Amino acid sequence: MKRDRSQAMVIRGDRFLLVEHELFGRDFFNLPGGGIEEGETPEEAAIRELAEECNVQGTIVRPLTIEYKPDMKSRVYTFLVEIPDDAEPSKGLDPEVSEENQSIIDVKWLRLDEIAERDRAYLFGAGLMRVPKFHDEVLMWDGEDISYPVKKIVP
């Protein structure tokens, strides 16, 4: 069985703290997070992963979601996390990966409209709608338009 994963959703104003990865030929943004270690709670893992990947200490505000990974055997826990107002996140390291094979490119504060649709979909799955400010924002969107991203054709 694969390990469960835990992640931190950190919000400052209208921006999310996201980790930019390059892995398997793809560049994508994700919430700070990773595998839960043996004997560790999901909450402890979220705080540890935030410190490892973004070099900041956080405090759990509340849980947002528990979802199953596509394998339907392991779970992803997401927590709303606060960091100090004066904290400046910076690119960290994944200690499970050697320095020359690091997938972390950068950490960034991004608004919803600055995030690719694919990566934004993961934020919604992680419980974005359980954050009142963003729930209210979605209710203000024009619900008549239908959009769907174009599929990438791979040769």
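Helices here are DSSP runs of H or I with at least four residues, strands are DSSP runs of E with at least two, and both are numbered from the N terminus. This is a predicted model, in which local features need pLDDT of at least 70 and side-chain atom pairs count only at pLDDT 80 or more, while totals for chains, interfaces and linings use all residues. Residues are numbered from 1 along each chain as its sequence is written, and side-chain values use heavy atoms, with hydrogens and water left out.

Now the pockets. A pocket is an open set of points on a 1 Å grid over the protein atoms alone, with protein on both sides within 12 Å along at least five of seven lines, and a lining residue has an atom within 4 Å of a point. Volume is the space filled by probe spheres, of 1.4 Å, set on the points, which are joined across faces, edges and corners.

The largest pocket comes to about 1000 Å³. Its lining has 37 residues, and Arg5, Gln7, Phe28, Asn30 and Lys69 are the closest to the centre. Elements supplying at least two lining residues include strand E1 (5-12), helix H1 (42-54) and helix H2 (117-125). H2 gives the most, 6 residues. By class, the lining has 16 nonpolar, 8 polar and 13 charged residues; nonpolar means Ala, Val, Leu, Ile, Met, Phe, Trp, Tyr, Cys and Pro, charged means Asp, Glu, Lys and Arg, and the others, Gly among them, are polar.

The second largest pocket holds about 470 Å³. Among its 18 lining residues, Glu117, Arg120, Phe124, Trp141 and Ser147 lie nearest the centre. Two or more residues come from each of H2 and helix H3 (132-140). Again H2 gives the most, here 4 residues.
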